[in-house]
Amino acid sequence: MAAADDARLEALARRVGRRCLADGRLLVTAESCTGGLIAKCLTDVPGSSAWFERGLVTYSNRAKAELLGVSTRLLARHGAVSEPVARAMARGALGNSPATLAVAVTGIAGPEGGGPGKPVGTVWIAWACRQGRRIAVEATQCRFRGSRDAIRRRSAAAALRGLLAGGG
C-alpha cells in the first residue's frame with residue numbers, strides 16, 4: 001500500500017510543480033502533523049528549486065508562534081487543530097517568505113491525541129495565495145481513518161490536490 005501511496009504522492013507533486021512553473025508561483029509549506037512529508041514529496045521532484053521556496057515544520061505550538069506568527073491566544077482559544085490556526089499558519093508562511101502560494105496542515109495523526117469533537121484523523125488544511133497586497137485563504141477539515149502513517153499520507157495528498165484545485 002505504501003508504494004502505491006508513494007506513487008500517487010509523487011504524481012501529485014509533479015503536477016503541483018508544473019502548475020507552479022506555469023503560473024510563475026513560489027510555494028511554501030507549513031506542516032505540523034505531516035512533519036515535512038509534503039515538502040519531501042515536492043523536493044523529490046527534479047527542478048523543484050525553481051518553484052519550491054521553503055518548508056517549515058512547526059510541530060509544536062511554540063514553533064507555530066515563533067516561526068509563523070500564530071497568536072498564542074488563538075492557539076489557546078481554538079487549539080492547534082482548528083480552522084483559525086490552519087489559516088493563520090498559511091498566512092504566516094506567506095508573511096515569512098517571498099512565496100506567493102502556501103499550504104498549511106495541522107491535525108491529529110494518532111494513534112493517541114484525539115478527543116471529543118477532534119478524534120484521531122481530524123486534519124485542517126489551509127491554502128493561501130498572495131495577490132498583490134491581498135492574501136486569499138481557503139481551509140477545509142478532513143477526517144481520515146487508518147494508521148498514523150496512512151493519516152499523514154492522506155493529509156499530504158489532500159494538501160497537494162487542494163493546490164491543484166486552486167487552493168488559496
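This is a predicted model: local features need pLDDT of at least 70, side-chain atom pairs count only at pLDDT 80 or more; totals for chains, interfaces and linings use all residues.
Reader: Which residue is the bridge partner of Thr106 in β4?

Author: Trp124 is the partner of Thr106.

Reader: How many bridges join β4 to strand β5?

Author: There are 10, and β4 and β5 (residues 134–143) run antiparallel. Ile135 in β5 stands opposite Arg130.

Reader: What about the hairpin of β4 and β5, how many residues lie between the strands?

Author: 2 residues, and Gly132 takes a positive phi near 70° in that hairpin.

Reader: How many residues of β4 are buried?

Author: 8 of the 10 residues in β4 (residues 122–131) are buried, so the strand is mostly covered.

Reader: Changing topic. How many salt bridges does the structure hold?

Author: The structure holds 7. One of them links the side chains of Arg8 and Asp5, at 2.8 Å from N to O.

Reader: Where do Arg8 and Asp5 lie?

Author: Both are in helix α1 (residues 2–23), 3 residues apart, which is about one turn of the helix.

Reader: Is Asp5 buried or exposed?

Author: Asp5 counts as buried because its relative accessible area is 17%, and buried means under 20%. Arg8 is partly exposed at 47%.

Reader: Which residue does Glu53 meet in a salt bridge?

Author: Glu53 meets Arg54, at 2.5 Å from N to O. Glu53 is partly exposed, with a relative accessible area of 26%, and Arg54 is partly exposed at 31%.

Reader: Which residues do salt bridges with shared partners join into one network?

Author: Asp6, Asp149 and Arg153.

Key:
Residues are numbered from 1 along each chain as its sequence is written. Side-chain values use heavy atoms; hydrogens and water are left out. Buried means under 20% relative accessible area, exposed over 50%, partly exposed in between (1.4 Å probe, protein chains only). Helices (H or I, at least four residues) and strands (E, at least two) are DSSP runs, numbered from the N terminus. Two strands pair if DSSP finds at least two bridges between them. A salt bridge is a side-chain nitrogen of Lys or Arg within 4 Å of a carboxyl oxygen of Asp or Glu.
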